[in-house]
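New notebook page. I want to look around this model and jot down what I find, one topic at a time.

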Amino acid sequence: MPTPDRHPSPWREPEHDDLADLARTFFTKEVLPHADRLAAQGHPDREHYRRAGELGLLGLSVPEQYGGGGGGFTHEAVVLQEQAYAGEASLGLAVHSGIVTGYLVAYGSDEQKRRWLPGLCSGELVGAIAMTEPDGGSDLQAMRTRAVRDGDDYVVTGAKTFISNGGLADLIIVAVKTDPEQRAAGISLLVCDVSGDPEGFRRGRLLAKIGLHANDTAELFFDGLRVPAANLLGDAEGLGFVQLMQQLPQERLVLAVGAVAAMERAVELTVAYTKARTAFGKPLLGHQNTRMVLAECATRARTGRVFLDDCVARHARGELDVATAAMAKYWLTEGQCEVIDRCLQLFGGYGYTTEYPIARMYADARAQKIYGGTNEIMKELIARAL
């Protein structure tokens, strides 16, 4: 990996740089050496979650009283950037720390926070969130998974799919219909403890994907799973859709963070390769086409970084709106796919072999335009705000 010379983010402080050094060492020395094995088994090792927790890399924005780092989203962003720079794609930290802990901090009762957050921050628990259904896609209001109140429990029935971390997750925030007669107003969020795969819960197959082979993505089935009513997030039923809409901007910003880091890494790898590789008697970088392509890709990465940094700073101040988050997710993930594709072309035939990181980056990038709300949905959200 070439030594980076990246555009500095104005929101970074020396503590962010120290955190970046720690995260970089963890990903490159403790996780990446196992990359081939993890890809073959189709999921990360639990031990890597525990080790990340031991190092203080999980739950960085969780208050210290609940076992977290007591920081903010900027700290989460640094870790996610370093994971992308390292090319490590097994650990689902974007979901575990960037999303699941955020829901619990925002909507959990003090008792719920004390019960679940320490385990998530230590890595003893793996977290996931289950929204998408087999026939639902991006239309969350049409979900069919039901939660019927029965005494002190909810009885959950339904199915979810494309669930990141679903294969290993101990704690899953599940979007359910507590009132099937309503659309948005009928949705609630339940925290399901599925450690040990309790009766009424079953994990389906780990989905075979064209990329992200080491990150488990699963089908989940609920057939009468009993969940304590005390596991409802929020003070009442029917708040789930509002909670989702309030948290989705951060989820989309998480994806944007990874997109920009991937663009920067692709440019760095390709500059190094084209300096070393020769064609027609001179380095590839000596050819005009190579220089023009890399100039365009570097510009796309730099402008993406500036836009992302503005979004991160706004989010840290509590000012990131839905439309701007949608712009970031749409524009930066499109840029990620475009830049990586153009960089791969400069590697020639080697770019199509998985021994080169650019090939794996190409396959991993494609999902970015789909999950977290498809880019078509992002455009619709942007258009509604005009």
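Is Tyr330 buried, partly exposed or exposed? I looked up its relative accessibility: it is 21%, so Tyr330 counts as partly exposed. The cut-off for buried is under 20% relative accessible area. A reminder to myself: this is a predicted model.

**Entry: around Trp331**

I moved on to Trp331, which has 40% relative accessibility and so also counts as partly exposed. I then checked the two rings against each other. The centres of the Tyr330 and Trp331 rings are 6.1 Å apart and the planes sit at 65 degrees, so I noted the pair as edge-to-face.

**Entry: other rings**

How many aromatic pairs does the structure hold? I got eight. One of them is Phe201 with Phe222, a tilted pair at 5.5 Å centre to centre, with 50 degrees between the planes. Phe201 is in strand S6 (residues 201-206) and Phe222 is in strand S7 (residues 217-228), so to speak, a link between distant parts of the chain, 21 residues apart. I checked burial for both: Phe201 is buried, and Phe222 is buried as well. I also found one aromatic cluster, formed by Tyr273, Phe347, Tyr350 and Tyr356. Elsewhere, Arg149 lies over the face of Tyr154, 5.5 Å from the ring centre.

**Entry: the nonpolar cores**

Next I looked for the largest nonpolar core. It has 58 residues, and the ones touching the most other members are Phe27, Val79, Leu93, Leu253, Leu308, Leu332 and Ile358. Several helices supply at least two residues each, including H1 (14-31), H4 (73-86), H9 (322-346) and H10 (357-365). Which helix gives the most to this core? I found H7, with twelve residues.

Leaving out residues up to four places away in sequence, Val79 touches Leu19, Ala23, Phe27, Leu57, Leu60 and Leu93. Apart from this core lies another, of 27 residues, and Leu117, Ile129, Met143 and Leu189 are among them.

**Entry: helix H6**

Helix H6 covers residues 110-122. Its 13 residues reach 18 Å from the first C-alpha to the last, close to the 18 Å expected at 1.5 Å a residue. Where is the kink in H6? I found it at Trp116, about 30 degrees, shortly before the proline Pro118. The buried residues of H6 are Gln112, Lys113, Trp116, Leu117, Gly119, Leu120 and Cys121. I looked up what covers them, and the list includes H3, helix H5 (93-107), strand S1 (127-130), strand S4 (171-177) and strand S5 (187-193). Just after H6 comes Gly123, with a positive phi of about 85 degrees.

**Entry: helix H8**

H8 is followed by Gly318, whose phi is positive, near 75 degrees.

Last stop: Asn289, which is in helix H8. Is Asn289 buried or exposed? Its relative accessible area is 53%, so I wrote down exposed.

Definitions and conventions. Residues numbered from 1 in each chain as written. Predicted model: local features only at pLDDT ≥ 70, side-chain atom pairs only at ≥ 80, totals over all residues. Heavy atoms only, no water. Core = buried A, V, L, I, M, F, W, Y, C linked by side-chain atoms within 4.5 Å. Buried < 20%, exposed > 50% of the residue type's maximum accessible area, 1.4 Å probe, protein only. Helix = DSSP H or I, 4+ residues; strand = E, 2+ residues; numbered from the N terminus. Contact = heavy atoms within 4.5 Å. Phe/Tyr/Trp six-rings, centres within 6.5 Å; stacked < 30°, edge-to-face > 60°. Lys NZ or Arg CZ within 6 Å of the ring centre and 35° of its normal. Expected span 1.5 Å × (residues − 1). Bend = angle between axes of the 7 residues up to and from the residue.
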